[in-house]
Amino acid sequence: MKHKKTNEYVVILVLDFFLAGLFLMYSHLAIIYALMALTFIAVTIHPLRRWIAAGFDFITGLIGKIISGATLTVFYYGFMTPLAFIKKIVGKPSASFKMNKDTASWYVKTSKDFNKEEFEKLW
């Protein structure tokens, strides 16, 4: 999948809102200074703005990979594995896998001959 170019101004705006939210929670003056410095860098210095956006893309991509893997792991081991154990203990096979009583196999043999007329009008 080809990586789409990130709008650098949107990244700076997101970081500004994040810093403003931190200031509202903690009311520390250094957060406002960081907010003003980040905004000044974004407006005036283009190469630094690109580096900030690239770093933000890297960090968010890394967090996305970690969280998606953790979510799938929790789903598998927290939901699917106990469900499989419960079905194994109960001993009931699912409805789609009914064993043929005549044979000792789960395979269902079908002996249907197909002809041309069956494929002409499907619906």
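Tutor: The expected span of a helix is 1.5 Å times one less than its number of residues. The model before us is predicted. For the 19 residues of α1, this rule gives 27 Å, and the C-alpha atoms at its ends lie 27 Å apart, so the two values agree.

Student: Which residues of α1 are buried?

Tutor: A general point comes first. An α-helix has 3.6 residues a turn, so residues three or four places apart point the same way. In α1, the buried residues are E8, V11, I12, L15, D16 and L19. They lie on the same side of α1, because they cover an arc of only 135° around the axis. On the other side, F17, F18, L24 and M25 are exposed.

Student: Against what do the buried residues of α1 pack?

Tutor: They pack against α2 (29-44) and α3.

Student: How many salt bridges does a search of the whole structure find?

Tutor: The search finds 1 salt bridge. The side chains of R49 and E8 form it, at 3.2 Å from N to O. This pair links distant parts of the chain, 41 residues apart: R49 belongs to helix α3 (residues 46-90) and E8 to helix α1 (residues 8-26).

Student: Why do both partners count as buried?

Tutor: Buried means under 20% relative accessible area. R49 is buried because its value is 5%, and E8 counts as buried because its value is 9%.

Student: What is found at the start of α1, and what follows α1?

Tutor: At the start, a side-chain oxygen of N7 comes within 3.2 Å of the backbone nitrogen of Y9. After α1 comes S27, with a positive phi near 50°.

Key
Residues are numbered from 1 along each chain as its sequence is written. This is a predicted model: local features need pLDDT of at least 70, side-chain atom pairs count only at pLDDT 80 or more; totals for chains, interfaces and linings use all residues. Side-chain values use heavy atoms; hydrogens and water are left out. A salt bridge is a side-chain nitrogen of Lys or Arg within 4 Å of a carboxyl oxygen of Asp or Glu. Helices (H or I, at least four residues) and strands (E, at least two) are DSSP runs, numbered from the N terminus. Buried means under 20% relative accessible area, exposed over 50%, partly exposed in between (1.4 Å probe, protein chains only). The arc is that of the directions from the helix axis to the C-beta atoms. Contact means heavy atoms within 4.5 Å. A polar contact is a pair of N or O atoms within 3.5 Å; within protein, one must be able to donate a hydrogen and the other to accept it, and residues adjacent in sequence count only if both atoms are side-chain atoms.
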